[in-house]
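Please open the model in your viewer and keep the selection panel at hand.

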Amino acid sequence: MKIDRRSFLSFVIGGAAGTALSPLPMKLTDDLSIWSQNWPWTPVPDDGEVSYVNSVCTLCPAGCGITVRKVEDRAVKIEGMQGHPVNRGGICTLGLSGLQLLYGPSRVRGPLKLVGKRGEGRWEKITWADAISEISGKLSDLRSGGQASAVGFLSGSDEGTVPHLIKRFLKVYGSPNFIRPTTMRDSYALTLQLLQGTASHAGFDFHNADLVMSLGSGVLEGWGPSVHMFQAHSRLIDQGGKLIQIEPRQSITAAKADKWIPLSPGSETALALGLANVIISESLYNKDFVENYAKDFDIWQKIVIDLYSLDRVAKITGVDKSTIISLGRSLGKAARPIVICGRGQGTTAGNIDQFLAVHCLNALLGNINQKGGTRALPQPDYINWPEPQLDDIAAKGVQMAREDRAGTPAFPHTRHLLSRLPEVTDSENAEYPLQALFVYDDNPVYTMPDTQAVKSAFDQIPFVVSFSSYLDETSQQADLILPNHVFLERYQDVPTAFGLPQAVIGLAQPVVPPQFDTRHVGDVLLAVAKALGGGIAEAFPWNSYDACLQKTLGARWETLVEETFQTDNGFAASGLGQTFGTPSGKFEFLSLGTDKTRRRLYREFEMQGEATAFPLMLIPYDSMRLANGYVGNPPFMVKTLGDTVLKGQDCFVEVNPKTAEDHGLVESEIVMLSTPKGEVQVKIHLSDGIMPGLVALPRGLGHTAYDNFLANKGVNFNQLIGPVEDPVSGLDAAWGIRAKLSKIEA
Amino acid sequence: MSTSDEKANEVSVDEAAGEEAAASTPGIEEKKPFLGLEKPIVVFFIIGFAASLIVGWIIFPKLLYSQKEQPVSFNHALHTEEAEENCTSCHYFRADGSFSGIPKLESCKECHDDILGESPNEVKFFTEYVMKNREVPWLVYSKQPDCVFFSHAAHVLAGNMECYTCHGPIGESTESRVYEENRITGYSRDIWGKNIAGFKKNSWDRMKMDDCSECHVRENVNQGSVQTEKGGCFVCHH
């Protein structure tokens, strides 16, 4: 039998026929289709018991309630908590993508020690015991060497038990240098202190207002408690109220407002005084309040009428006289108007004149402590620890002047001046150069203006410790990283956020156990205090941070564990009689902040840079899709950015088509953006929604650290701007910087 | 294009010429082949046919499935005797209506907090899992792919179905049978069914989509989709 081509073909045909009559083809097709739906890289979440844990989001200071959906031990979704007084079930993009901060790749998995030079990124793993003995050894050496006051602690906030533990630690150790970043919240607090004589937080009853006039505040861009603001905005619209947005760029808020009035950047104070002029001239102000509850109104009114005529205001602001009159009338005739300020998200403190002028305008409208008006909420008072015993070194150390000069005769009203850090760290300016700096819940190397100066300030501090859970820009400049638990892994008390109409205390609770070898910063502090011994150890009688928190919250603890929040009704508006703590017991139109001798209510600010070399003005803008604080943008949020904000690695600046034409620039052209602080490459985006002569750059991009999802995308606004000191408060009042756009030669 | 067409034509012309030549060869004409085919060719066809049938029906199923033993052999019969509420004592509905599936070690420990008896399986279970507080990595015969949406509550609580309709007399078993894992899909052989051709005798013999729809049609489960007003895909596929 010969095997030829024909017999082979016959065999194959027979095989094919047999195969067709067997289950093989059908079964194999079915199996392959199932296989193709189950690639190993297709994420298939584990099945299991579903549970929900209520907690508080601490990614920003708003303190929204969250409900985290879990499957077994794994958190799978963060939702807004129903019935929470701050966010009433809503949630922002950052909160929603918070799981990526818990499970993301850029987390620090255990204590790290720098090997080699700073910035090289070479680290070695160490044990917690070694880390704590290294820190306590260093602190012990500095203290015995008479340099206790040269230890600084930079904390993201000064409220809550952890910042109080830090302050207590510095006090018994002997350093006055507890320092935190400053925002518009500080300017508002200072305003309330100067005009109303109260140490309090500013709050606003937006939900009951019928007209909100915002001088550049990003009502829909993250100003104040963002979700609360979104809901207040919806309610305002639903009830037929109005939102008037006044700012040089058409932000999302401006686009959604009933009116958008562009004005020259930096002239908001003049406009507020112009509006006051209209309200006074047309007798639209609240006479009961002005006559019975206010002091120095006559003088203030005279200054406003004499010095801030509508012609002058129109000239300064670039807003038509008729528009100013119509705006003033809308305010005067509204039943419950509120005027707010603080640009964008209010991350920069701003100049105090503006806050004073705006608050006086609110007083003129009679909305102080009224329904739909402004509030002054007392500071939280639940932390009542016995005063610690100070030894000689501590007693001497805390008497030293603060490194940043806050509270000194130069800036008597201000408590923290972080923006002065680069200047004072420079050894020539420093009275006593900082020898050690601890950073908790902050990323100053990214978030502070003038990134280069901040970096070189860090270079001059011999010992830097970061408590960050991420390898962020500041951690990269540190000698030790002692990762704290992230927000879903730890207990944290959350005092009332800026802008809320009532006091709310929240308690963030662990949703999942710590994922890595991290440790609560409170526990690290307790361990270091114990290692230092003596009076320092005695000042911290608690065994653990959780025990300390539970004891501190006392009777509140059980309610907070169960409900996650507690509102104090006693803080609600309590009549005007007891509202003012000023010497006169009244609202003082002319405060210590006012330049009494020259009676100026408005000081023009020159932003940095020469007009000839830098003909344009660079301003930042904020977005709900960009986290610009110490928490970096999670990948979900980066994905939500539009193609005119970030494309690939390039980010865009917005310029008016007229400005672009003057400079011979076209859409999407890559140009060099320079300011006195630095230069970067950006792409041009033409927009009619920005005034000519301005260049707007988003804040929150241009990270150099974290992971591939965030690093090297766009440019960091802070590397282009420097701080401008407010003469009264010393806080950073910069709203922009002079800039230049130049073509890149091919 | 035209060039390749021309080439194809050329080839066919050549082949035709070759066949004509073969047919005209003397001698071959005289043998009358069976059904016009030569014997050896038929033999080859039969060999190929038979071999592929053997491969398809016998060898392929053997190769397709690997045999795995459960970490601990489980005696359902013994447990159902002890348990007060039959199957639901261990396989219960959670408060939110979701089904607990195979119990976690936590549930087992409610009784097995100490060693119960001396059977090798109990010793293994107690020393390897209870004492070390490790979950038992049970191999789940009824595990479906992630894209299959199945609600036990809809079937058992709302539809009043019995466990054995789909799971068979598993509750009477005295030991765990071998788990046959499909090497391609990773799922149990129970889904396709023991019979490789897909024939079944009992309702629990296989659990493919056709088996779901067979019952859904018979029981007149609401087949309409609100959006499309067409067939019942969206009853299960969301």
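Two strands are said to pair if DSSP finds at least two bridges between them, and the strands themselves (E, at least two residues), like the helices (H or I, at least four residues), are DSSP runs numbered from the N terminus. This is a predicted model, in which local features need pLDDT of at least 70 and side-chain atom pairs count only at pLDDT 80 or more, while totals for chains, interfaces and linings use all residues. Residues are numbered from 1 along each chain as its sequence is written, chains are lettered from A in the order in which they are written, and side-chain values use heavy atoms, with hydrogens and water left out.

Select residues 112–114 and 480–481 of chain A, which are strands E4 and E17; these run antiparallel and are joined by two bridges. Within this pair, A:Lys113 stands opposite A:Leu480 of E17(A). Widening the selection brings up an open sheet of seven strands in chain A, with mixed pairing and the order E5-E4-E17-E16-E15-E6-E7. Its edges are strand E5 (123–125) and strand E7 (178–179) of chain A, each of which has a single partner strand, so one side of each is left without a neighbour in the sheet.

Next, select strand E28 of chain A, residues 737–743, together with strand E22 of chain A, residues 616–621: the two run antiparallel and three bridges join them. Here A:Leu618 stands opposite A:Ile737 of E28(A). E28(A) also pairs in the antiparallel sense with strand E25 (residues 670–675) of chain A, over four bridges, and in that pairing A:Leu673 faces A:Leu741 of E28(A).

Now show both chains. Taking contact as heavy atoms within 4.5 Å, 33 residues of chain A are in contact with 31 residues of chain B. The two chains bury about 2,700 Å² between them, 72% of it on carbon and sulfur atoms, where buried area is the accessible area (1.4 Å probe) that two parts lose on being put together, summed over both.

How many salt bridges (a side-chain nitrogen of Lys or Arg within 4 Å of a carboxyl oxygen of Asp or Glu) lie between chain A and chain B? The count is two, and one to select is that between the side chains of A:Glu49 and B:Arg94, at 3.8 Å from N to O. On the side of chain A that touches chain B, helix H1 (5–20) and helix H2 (24–36) of chain A each supply at least two residues, and the largest share, 10 residues, comes from H1(A).

Finally, colour by pLDDT, the predictor's confidence in each residue, from 0 to 100. Chain A has a mean of 91, with 96% of its residues at 70 or more, although over residues 570–574 of chain A the pLDDT is below 50. Chain B averages 82, with 79% of the residues scoring at least 70; over residues 1–25 of chain B the pLDDT is below 50, and this stretch has one contact in the model beyond near neighbours in sequence. For the complex, the predictor gives an ipTM of 0.81 and a pTM of 0.85.
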